[in-house]
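Please find below my notes on the model.

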Amino acid sequence: MGILKWFTRRSQPQLVRLPAGSFTLDKEGRLMTSTLPQSFPQETLLEIGRRVLATFNHAHQAQMPLAELVVHYPTLKVLARELRGGAIVFLMPVR
Amino acid sequence: MSGRPRILLLDDDQDFLELYREMLSTHLPSLPEVRTANSAARALALLESEPFDLLIVDLQMPRMDGLQVLAIARRKYPQLRLMVLTAQRDEQFRTRAYAMGVDQYWLKPESDQEIALLMEAIESLLTRAQEGGFRGVQSKSLVDIIQLECLSQSSCVLKINNGTVEGKIWIQKGEVIDAELPDLTGEAAFQRILSWKAGSFEILPADPSRPRSIFTSYQGLLLNTAQALDEAASLPSPEAVATAEGKVKEVSSTAPLLAELSQLEGVECVLAIDDGKAEFEHYWGLENPKPLAAWARATLQQFRQLGDQLQVGNLTQVVAAGPDRKLALAVCGGTQLCVGFPPSFSTDEVRETMKQVLTKWAS
């Protein structure tokens with residue numbers, strides 16, 4: 001019965017919990033290191049990183065280089081520091 | 001919408017849907033019409049094609065989860081009441097759901113008593129008027145609430161939120177004794193809070209230690225406020241005045257406000273951009289606002305979209321630090337605000353000052 005149950009079990013994707021941790025990106029937007037759990041989708045990390053790097057780059061082009069960016073949402077704080085064209089990004093869920 | 005209220009129930013469990021459709025449509029006093037959807041796509045299609053009063057959503061579903069549905073529903077149908085009904089006990093999801101504007105978050109009931117409570121909550125949401133007003137008590141206006149509290153000689157503190165701005169009104173034995181906003185206190189704060197047309201509030205326990213700063217009776221206060229609001233409403237709109245050629249000309253009504261903001265400690269420059277239009281910009285303390293305006297607009301767009309994607313609620317604020325300046329970005333009503341601070345200002349100081357900026361702007 002166990003094997004039948006395995007076959008009939010519906011796939012139940014997990015709701016993605018917001019993790020706490022950090023990751024680094026190079027200036028091309030490639031993921032270099034991450035302390036976030038592997039269950040957190042890498043595409044989401046890259047998406048966050050892409051937006052962070054775009055913001056740093058846009059500011060640089062506007063002659064106002066930035067060293068740090070803090071984005072506040074009601075349930076999440078994103079802190080990013082510029083690292084030679086790349087960035088280190090901290091995700092901090094707000095409790 | 002008239003007649004029977006309409007509920008859309010979304011869950012991937014067909015048995016659950018059948019059970020709850022039967023229960024809601026026959027046991028609720030308002031005898032609602034209940035439609036069901038077993039996938040997010042089906043629910044969104046139904047929302048697109050038919051009007052509903054209440055959407056009840058499970059969180060854990062295949063392909064598109066409940067948080068994603070809620071984000072879309074909140075954006076596309078702001079008047080729709082939203083309820084989460086889930087087995088998910090993780091507090092983070094409850095917090096995120098409320099941050100996204102959900103009206104109620106319920107765990108799936110496990111006893112008759114819990115079912116009865118859930119039914120009461122659903123009925124209450126359905127009977128609540130669909131018009132604006134203050135959430136917290138059956139869409140009463142603030143004036144109604146204050147009158148009720150004062151007439152019943154009660155003592156309490158009303159905490160009122162309008163967007164990111166928080167105000168408080170202290171009521172002691174049926175009299176309004178004080179009011180407070182981040183940048184105002186006393187009668188001025190009271191009047192400004194009452195000018196808010198929508199928001200949310202909660203009633204906190206009384207604070208007898210609060211010193212009294214308002215000595216006008218509550219009837220006098222409400223009368224003064226009503227007069228002030230009437231006078232403000234009867235003035236021609238300062239935003240746009242029709243010119244002789246029939247075109248609409250923008251009047252620089254924001255100039256005094258920008259000057260007022262510049263008086264706040266640490267504020268070096270202010271840029272106000274109309275949300276959605278490229279050409280409407282007001283600024284103070286900037287020689288060439290164009291590059292900053294372009295960056296601010298793009299940055300807010302980037303992170304508002306990211307907030308939607310991550311389902312973490314609406315973007316509150318962005319603070320950026322460079323060697324020459326700290327910049328804070330926020331959206332207030334239909335305006336994107338970008339405020340510059342000296343680099344020595346701490347991030348906390350920037351956030352606190354931005355609260356004052358937003359209060360002034362919202363008022």
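1. A:Val71 stands opposite A:Val78 in E4(A). The strands concerned, E3(A) and E4 (residues 76-83) of chain A, run antiparallel and are joined by five bridges. Strands (E, at least two residues) and helices (H or I, at least four) are DSSP runs numbered from the N terminus, and two strands count as paired if DSSP finds at least two bridges between them.

2. The model is predicted: local features need pLDDT of at least 70, side-chain atom pairs count only at pLDDT 80 or more, and totals for chains, interfaces and linings use all residues. Residues are numbered from 1 along each chain as its sequence is written, while chains are lettered from A and ligands numbered from 1 in the order in which they are written.

3. E3(A) also pairs across the chain boundary, in the antiparallel sense and over five bridges, with strand E16 (residues 317-321) of chain B. Within this pairing, A:Glu68 has B:Ala321 of E16(B) as its bridge partner.

4. Which strands make up the sheet, and in what order? The open sheet has 10 strands, ordered E2(A)-E1(A)-E5(A)-E4(A)-E3(A)-E16(B)-E17(B)-E18(B)-E14(B)-E15(B), with antiparallel pairing. Its edge strands, each pairing on one side only, are E2 (31-34) of chain A and E15 (281-284) of chain B. On average, neighbouring strands are turned by 15° against each other, direction ignored.

5. H2(A) packs on this sheet and touches E1 (21-25), E2, E3, E4 and E5 (86-93) of chain A together with E16 of chain B. The direction of H2(A) makes about 125° with that of E5(A). Axes here are lines fitted to C-alpha atoms, for helices over the stretch in contact, and angles run from 0 to 180 degrees between N-to-C directions.

6. H2(A) packs against helix H10 (residues 289-310) of chain B at an angle of about 175°, the axes being 10 Å apart. H2(A) and H10(B) are therefore roughly antiparallel (angles over 145 degrees). Among the residues making the contact are A:Arg51 and A:His58 of H2(A) and B:Trp295 and B:Phe303 of H10(B). By class, this contact has seven nonpolar, five polar and two charged residues. Ala, Val, Leu, Ile, Met, Phe, Trp, Tyr, Cys and Pro count as nonpolar, Asp, Glu, Lys and Arg as charged, and the others, Gly among them, as polar.

7. Overall, 29 residues of chain A are in contact (C-beta atoms, placed from the backbone, within 7 Å) with 35 residues of chain B. H2(A) gives the most to the chain A side, with seven residues. That side divides into 18 nonpolar, seven polar and four charged residues.

How values were computed
Two residues are in contact if their C-beta atoms, placed from the backbone, lie within 7 Å. Angles under 35 degrees count as roughly parallel, over 145 as roughly antiparallel, 65 to 115 as roughly perpendicular and the rest as oblique.
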